[in-house]
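Please keep the sequence and the coordinates at hand while reading.

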Amino acid sequence: MGTVLPVAGSLRDDLVCELHRPPATERADGSSPLAGLSGAPLFAGATLLGLVKEIPRGRGHRRVVCVPLRSVFAVEGFRAAFATLAAVTVLDLVTGVPPEDQRYEQEYAEAIGAAYRKTKIFGLDELNKRDSEWDLDTAYLSLEARPKASDPPQAGRTLTDSAPQRIDALLASRPRVLIRGEAGAGKTTLVWWLAAHAAAGRLGPGLADLNALVPFVVPLRSLRAQGATFPLPAQLPTAARLVVDAAPEGWAGRVLRTGQALLLVDGLDEVPQEDREEAHRWLAALLDRYPRTRCVVTVRPMAVEPDWLKYARFEELRLLPMNDEDITAFIAAWHRAARLDSGPHEDLDELERDLSEQFKQNSNLKGLARTPLLCAVICALHRLRQGFLPDTRWKLYEAALRMLLGNRDQQRKVEAPEGIEISAEECTELLQRIAVWLVREGQSEFTREQALRRLERALSGMENVRAQGGADDVLRHLLNRSGLLQERADNVFQFTHRTFQDFLAAKEFVDDGHLGELLRHASEEQQWQDVILLAAGHCGRRDRAALVNGLLDAASRQRGHQDRAKIEVLAARCAQNTAYFDESTSRRVGDHIKALLPPRDVEAVTLLARLGPPVLGHLPAPADTPREALADVVALINRVGGAEAIEHAGAWAAAHPGTVDLFTTEWSRYPAERYAREVLARLDLREARLHVETRWQLAQLPHVPDAQRLWITVPPDLTAVELHRALRGRTMTALRLNSTERLSDLAFLRDSAERLEDLEVLRGSGLRDLSQIALLPRLASLGLLDVAAQEVDLSPLGSAPALRTLLFGSSTDLHLAQLPVLPGVSTLHLEADQVAGFDALSRWPALGHLELAPSSSATTRRLLAYVRGRPGIGRLGVALSSVAALAGVAPLPGVRHLDLWLANSDGDLGAVLAVFPALTTVDLAVGTVQAGSWNPAALLRRPGLTVTVNGGPLAPQA
């Protein structure tokens, strides 16, 4: 499959088609796998467009040049011969996919779109059904995420770091991802968006490779509710209960086998703890059987241990709370939807302005709105209450439930449409019975029969409701009128969000006097801990103290430090935001939290940050903090963030000036202007890298004039004029720009780059004019990634007199003769699928360090053959699937320092010494290290050889 490019062949009157994916494995001699295709027909559906005449060099063998059919018919002799045909035989369309598969894939894509292209808008259920469902084409908000800090360096991502990026940008380069996120953080919405847009082929340039894939959505909560096992390959199309006919026999297996599947596993935390290992085995076995499958898995933050899927080559991402700009965008989108059905006397423009102003003035309120769910709840309550809002998370949930269960029908003049009138208190009582059963069973979905059994028991003590109808009538009323239940599939129901389920279950535990049951589950999975936290808000004064003390007692019985710390932090969270708490229990909680400080590692930072600003009051004084704990303390301050953390950030920065870099990467966690004035402006930023990620931060750069090294993630709608204005007059020595697809040139540097020594432009696919580089007299290091090398004049690179390091990545095939001769460059890093013409580098006399990111096997062979003949190249970087790929490679005696990226640890490391006999240093970056999978003995025995693995020393095999 491919796309016709009307302009590409217009000068020669050719028809050019670009394939969506590489056609096949490259031949050993480097020739195109499409060679010999001349004369083949090119179809659009069943319509003949032209005949293949040429396979052009380069471009990853993805382009096909054809003679258009109109040119064939323009030849008089052909027309005359065609006219003599008695009849034209209609041929069946022949492709690599069975016809029945093609037809079904279209139906399946439509079913995916129907199921997942819309999401409910919280608080707008008074709209009609069409308007109250938000179309993800326009409503999806790309949230920020952060890669797991301890991940090993990844080949091909040498220029990136662990700074936050938009989730879709991170997914683009990660075939397998485990995404952690809090309740309401948008995990399920992300899965729905990926499924609907991949099926429709509407994902943007960064994720375009997913457009050719077939999404299989596996909602684990639904499978659990149905009592189903984890799906086999043939069951994947039915896992999401789509409204579509049965698939052709073997279809799912064929999709998986050809690497065309996108597996989306939602809600791993919905699987009971005792079944998690079975889930692990199921997923690992499926991906081992079909290794080319791309996969996204979602889970709550603490549901599975770190690196749970690492051996299966998963990378971990953590969804971050919405930043200030995200909140502003969400508020605007929510109110746009609300205007669809607002009354003539409702001024939603004024409500939107008022809410935006409240967020600016009230940091506590802004702190509550950091997830899409809670931001929507706040928008809805602000509208209902005409501007008056709760001040704690628990009160926010309580108010949301009152809003949903309150007098909406009376306000809308709807009188007992199901023939039943049930008060908000009665609705709450009934829903509690369903919710508590779900929690006890470890489920989040239920069938009609399961709900009826719960309701029948509840109705035995509710005379008023029982007199109006049976359990079936009550269930119908709750589904239609409560706003809290929804039908997920035929005869499968769930709460509109699991947070509301947990809130109601917590109330039932407290009302029914079952605190002991909660405490018995304190050490278990996160859902129980969420319920316990919500139960604290339902407790009276005496019960709350009993709950907190019971948790601290349970913590003391835990043997592991991490298990004990989880329960201690939970106890402290239960003690927060209460009008009264007895002094002895409060003191006991404080002692337990102080004992956890300073944090010991990243997991402790993540855990303690859940306490929010109050935890910062327990930190040791800046001067008393041990040096080895300093990074984790600052990480905790940054994770808490917000206005309340600014004072602490300033104090630690002043006391430890050597930690500047710890404060310059987390600006987005604080109010932009205050942080710039009160923290950044007081730091020595001349050598620090200042990360700028939003338009608001760009506007604050005048407050930090000493910042000379800027790492800017360009907002998608930022223009070159605005970027020039933000940088004009600034003295910069280093600049890194990410997400620059919309920039066509570098002219924005014209008034700020006289002293620029280091420039990196990532995702520069839109760049066409590099002439500004010739005007950078001090530029020593240049990085240009994702540049369309065949469409850009690269000659200005030769006019940078001080250039010593070049990092060049091409989104198209690269022939090194396209680069000008750069006699001063000593280090060259290349990124492209196909690189040829290495001999052109022979005219670069200073070149001694050459790196190639993951590329085709033919390109890697060409690189090794070239280096073998260049003894001056003493340092080499190369990416391989495993050391087994070195089999048969002739020795390269000139290489003394090797940077080797390996996808996995299979093989004998002795092969490295056979190919590189003169090594003194080896730096290994390995994606997956499995015990017993490799033998490091040869490297360990080599005298004078320094070896590191993922930044640490190579250890002997156990």
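## Salt bridges

R686 is partly exposed at a relative accessible area of 46%, where buried means under 20% relative accessible area, exposed over 50% and partly exposed in between, with a 1.4 Å probe and protein chains only. Its side chain meets that of D684 in a salt bridge with an N to O distance of 2.9 Å, a salt bridge being a side-chain nitrogen of Lys or Arg within 4 Å of a carboxyl oxygen of Asp or Glu; D684 also counts as partly exposed, at 45% relative accessibility. Elsewhere, salt bridges with shared partners link R448, D472, D473 and R476 into one network. This is a predicted model, in which local features need pLDDT of at least 70 and side-chain atom pairs count only at pLDDT 80 or more, whereas totals for chains, interfaces and linings use all residues. Residues are numbered from 1 along each chain as its sequence is written, and side-chain values use heavy atoms, with hydrogens and water left out.

By this rule the count of salt bridges comes to 31. One of them joins the side chains of E666 and R146 at 2.9 Å, N to O; because E666 lies in the loop between α30 (660-664) and α31 (672-678) while R146 belongs to strand β8 (residues 144-147), the pair ties together parts that are 520 residues apart in sequence. Both E666 and R146 are buried. A further salt bridge, at 3.3 Å from N to O, is formed by R402 and E398, which both lie in helix α15 (residues 393-405), four residues apart, or about one turn of the helix. R402 is exposed, with a relative accessible area of 55%, whereas E398 is partly exposed at 23%.

## An open sheet and a covered helix

Seven strands form an open sheet of mixed pairing, in the order β9-β8-β14-β10-β13-β12-β11; strands are DSSP runs of E with at least two residues, helices are runs of H or I with at least four, and both are numbered from the N terminus. Two strands pair if DSSP finds at least two bridges between them. The edge strands, each pairing on one side only, are β9 (165-166) and β11 (214-219). Within the sheet, β10 (residues 176-180) and β14 (residues 315-319) run parallel and are joined by four bridges, and the bridge partner of V177 in β14 is E315.

Helix α7 (residues 187-200) has 14 residues and reaches 20 Å from its first C-alpha to its last, close to the 20 Å expected at 1.5 Å a residue, the expected span being 1.5 Å times one less than the number of residues. Eleven of the 14 residues of α7 are buried, including W192, W193 and H197. The helix is followed by G201, whose phi is positive, near 70°.

## Nonpolar cores

The largest nonpolar core has 280 residues, of which F216, L735 and F916 touch the most other members; such a core is a set of buried Ala, Val, Leu, Ile, Met, Phe, Trp, Tyr and Cys residues joined through side-chain atoms within 4.5 Å. Apart from this core lies another, of nine residues, among them L15, L19, L34 and L42.

## Confidence

The protein averages a pLDDT of 84, and 89% of the residues score at least 70, pLDDT being the predictor's confidence in each residue, from 0 to 100. Over residues 150-160 pLDDT stays under 50. Where pLDDT is low, the predicted coordinates should not be read in detail.

Methods: Contact means heavy atoms within 4.5 Å.
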